[in-house]
Amino acid sequence: MAVRNVWELVNDAKQRIDNLSVEEVRAEVAAGSATLVDIRDIRERLLRGAIPGAIHAPRGMLEFWIDPACEYHRAEFDPAQRYILYCAGGGRSALAADTMRAMGYTDVAHLEPGYEGWLDAGGEVADVAADSKWVRRDDA
(Lines give C-alpha, C1' and ligand atoms only; values in the text may rest on other atoms or scores of the structure.)
Protein backbone atom coordinates (compact mmCIF):
# COMPACT_ATOMS: atom_id res chain seq x y z
CA MET A 1 0.00 0.00 0.00
CA ALA A 2 1.34 3.41 -0.97
CA VAL A 3 1.65 6.01 1.74
CA ARG A 4 -0.35 9.18 1.06
CA ASN A 5 1.08 12.51 2.02
CA VAL A 6 -0.74 15.04 4.14
CA TRP A 7 -1.28 17.50 1.27
CA GLU A 8 -3.16 14.83 -0.68
CA LEU A 9 -5.45 14.45 2.32
CA VAL A 10 -5.89 18.23 2.61
CA ASN A 11 -6.69 18.54 -1.10
CA ASP A 12 -9.21 15.69 -0.86
CA ALA A 13 -10.86 17.36 2.13
CA LYS A 14 -11.10 20.67 0.26
CA GLN A 15 -13.16 18.94 -2.41
CA ARG A 16 -15.84 18.13 0.19
CA ILE A 17 -16.04 21.42 2.11
CA ASP A 18 -16.57 25.14 1.54
CA ASN A 19 -13.27 26.98 1.10
CA LEU A 20 -13.84 30.62 2.00
CA SER A 21 -11.81 33.75 1.30
CA VAL A 22 -11.11 36.38 3.93
CA GLU A 23 -13.80 38.58 2.38
CA GLU A 24 -16.38 35.79 2.53
CA VAL A 25 -15.57 35.08 6.17
CA ARG A 26 -15.78 38.78 7.03
CA ALA A 27 -19.22 38.97 5.40
CA GLU A 28 -20.55 35.92 7.28
CA VAL A 29 -19.19 37.15 10.60
CA ALA A 30 -20.67 40.62 10.03
CA ALA A 31 -24.04 39.05 9.20
CA GLY A 32 -23.88 36.89 12.32
CA SER A 33 -24.55 33.79 10.25
CA ALA A 34 -21.60 31.68 11.42
CA THR A 35 -19.46 30.88 14.44
CA LEU A 36 -15.71 31.11 13.94
CA VAL A 37 -13.66 28.28 15.42
CA ASP A 38 -9.91 28.63 15.95
CA ILE A 39 -8.40 25.15 15.98
CA ARG A 40 -4.80 26.26 16.51
CA ASP A 41 -2.80 25.27 19.54
CA ILE A 42 -3.04 27.61 22.54
CA ARG A 43 0.61 28.62 22.07
CA GLU A 44 -0.15 29.84 18.54
CA ARG A 45 -3.04 31.92 19.85
CA LEU A 46 -0.97 33.42 22.65
CA LEU A 47 1.89 34.35 20.33
CA ARG A 48 -0.08 35.52 17.28
CA GLY A 49 -3.52 36.52 18.56
CA ALA A 50 -6.86 35.38 17.15
CA ILE A 51 -9.77 36.60 15.08
CA PRO A 52 -12.07 38.49 17.46
CA GLY A 53 -15.08 36.49 18.56
CA ALA A 54 -13.68 33.11 17.53
CA ILE A 55 -14.13 30.26 19.97
CA HIS A 56 -11.12 28.07 20.64
CA ALA A 57 -11.33 24.33 20.02
CA PRO A 58 -7.85 22.84 19.75
CA ARG A 59 -7.52 20.38 16.90
CA GLY A 60 -6.71 17.53 19.26
CA MET A 61 -10.05 17.87 21.09
CA LEU A 62 -12.37 18.85 18.24
CA GLU A 63 -14.01 15.48 17.62
CA PHE A 64 -14.69 15.02 21.33
CA TRP A 65 -16.07 18.52 21.82
CA ILE A 66 -18.42 18.44 18.80
CA ASP A 67 -19.96 15.01 19.52
CA PRO A 68 -23.23 15.55 21.43
CA ALA A 69 -23.04 11.97 22.76
CA CYS A 70 -19.52 12.39 24.18
CA GLU A 71 -18.90 13.29 27.82
CA TYR A 72 -16.54 16.03 26.59
CA HIS A 73 -19.15 17.71 24.39
CA ARG A 74 -19.19 21.52 24.54
CA ALA A 75 -22.50 23.33 24.40
CA GLU A 76 -21.22 25.84 21.82
CA PHE A 77 -21.27 23.06 19.22
CA ASP A 78 -24.61 22.22 17.62
CA PRO A 79 -24.82 20.21 14.38
CA ALA A 80 -27.63 22.51 13.18
CA GLN A 81 -25.42 25.64 13.24
CA ARG A 82 -22.90 27.07 10.75
CA TYR A 83 -19.20 26.95 11.65
CA ILE A 84 -16.15 28.38 9.94
CA LEU A 85 -12.86 26.89 11.10
CA TYR A 86 -9.39 28.32 10.76
CA CYS A 87 -5.81 27.39 11.55
CA ALA A 88 -2.54 29.11 10.63
CA GLY A 89 -2.43 28.25 6.93
CA GLY A 90 -5.60 26.38 6.02
CA GLY A 91 -4.40 22.77 6.09
CA ARG A 92 -5.50 21.67 9.55
CA SER A 93 -8.77 23.59 9.26
CA ALA A 94 -9.61 21.85 5.96
CA LEU A 95 -9.07 18.46 7.58
CA ALA A 96 -11.01 19.49 10.69
CA ALA A 97 -13.94 20.89 8.68
CA ASP A 98 -14.08 17.67 6.69
CA THR A 99 -14.11 15.70 9.94
CA MET A 100 -17.00 17.80 11.26
CA ARG A 101 -18.84 17.14 8.00
CA ALA A 102 -18.23 13.40 8.36
CA MET A 103 -19.60 13.58 11.92
CA GLY A 104 -22.88 15.11 10.78
CA TYR A 105 -22.25 18.85 10.80
CA THR A 106 -23.76 19.83 7.45
CA ASP A 107 -22.95 23.56 7.44
CA VAL A 108 -19.21 23.83 7.95
CA ALA A 109 -16.46 25.67 6.08
CA HIS A 110 -12.92 26.87 6.59
CA LEU A 111 -10.87 29.99 5.99
CA GLU A 112 -8.87 28.95 2.93
CA PRO A 113 -5.78 31.14 3.51
CA GLY A 114 -5.87 30.56 7.27
CA TYR A 115 -5.02 33.04 9.97
CA GLU A 116 -1.90 34.17 8.12
CA GLY A 117 -4.09 35.10 5.15
CA TRP A 118 -6.40 36.95 7.54
CA LEU A 119 -3.41 38.94 8.84
CA ASP A 120 -2.09 39.61 5.32
CA ALA A 121 -5.52 41.02 4.39
CA GLY A 122 -5.43 43.41 7.36
CA GLY A 123 -7.96 41.46 9.42
CA GLU A 124 -8.67 42.54 12.97
CA VAL A 125 -6.76 40.71 15.71
CA ALA A 126 -7.62 40.02 19.35
CA ASP A 127 -4.73 39.91 21.82
CA VAL A 128 -5.31 36.51 23.41
CA ALA A 129 -2.30 36.79 25.70
CA ALA A 130 -3.69 39.92 27.38
CA ASP A 131 -6.65 37.95 28.73
CA SER A 132 -4.95 34.62 29.30
CA LYS A 133 -4.31 32.93 32.61
CA TRP A 134 -1.50 31.02 30.87
CA VAL A 135 0.77 34.01 30.46
CA ARG A 136 3.17 34.85 33.29
CA ARG A 137 2.97 38.44 34.30
CA ASP A 138 5.55 40.28 36.39
CA ASP A 139 2.82 42.02 38.37
CA ALA A 140 1.17 38.77 39.45
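The legends below describe close-up views of a predicted model.

**View 1. Strand β2 and its two partners.** Strand β2, made of residues 35-38, runs parallel to β4 and is joined to β4 by four bridges, while its pairing with β3, residues 55-56, is also in the parallel sense and rests on two bridges.

**View 2. The largest nonpolar core.** The largest nonpolar core has 18 residues, and among them V37, L62, F77, Y83, L85 and M100 touch the most other members. Three elements each supply at least two residues of this core, namely α4 (62-66), β4 (83-86) and α5 (91-102), and of these α5 gives the most, with four residues. In soluble globular proteins, nonpolar side chains tend to be buried together.

View 3. When residues up to four places away in sequence are not counted, F77 touches V37, I55, A57, W65, I66, Y83, M100 and Y105. Apart from the core to which F77 belongs, there is a second, separate core of 17 residues, which includes L20, V25, I84 and A109.

**View 4. Helix α5 and the elements around it.** Helix α5 has 12 residues and reaches 17 Å from its first C-alpha to its last, which is close to the 16 Å expected at 1.5 Å a residue. Within α5, the residues G91, S93, A94, A96, A97, D98 and M100 are buried, and the buried residues of this helix pack against α1 (6-14), α4, β4 and β5 (108-111). Just after the helix, G104 takes a positive phi of about 105°.

**View 5. The buried residue D98.** Residue D98 lies in helix α5, and D98 is counted as buried because its relative accessible area of 10% is under the 20% limit. Leaving aside residues up to four places away in sequence, D98 touches A13, R16 and I17.

View 6. Is C87 buried or exposed? Residue C87 is buried, because its relative accessible area of 1% falls under the 20% limit. Residue C70 is buried by this limit too, with a relative accessible area of 15%. A disulfide is a covalent bond between the sulfur atoms of two cysteines, and the structure holds zero disulfides.

Terms used:
Residues numbered from 1 in each chain as written. Predicted model: local features only at pLDDT ≥ 70, side-chain atom pairs only at ≥ 80, totals over all residues. Heavy atoms only, no water. Core = buried A, V, L, I, M, F, W, Y, C linked by side-chain atoms within 4.5 Å. Buried < 20%, exposed > 50% of the residue type's maximum accessible area, 1.4 Å probe, protein only. Contact = heavy atoms within 4.5 Å. Expected span 1.5 Å × (residues − 1). Pairing = 2+ DSSP bridges. Disulfide = S-S within 2.5 Å.
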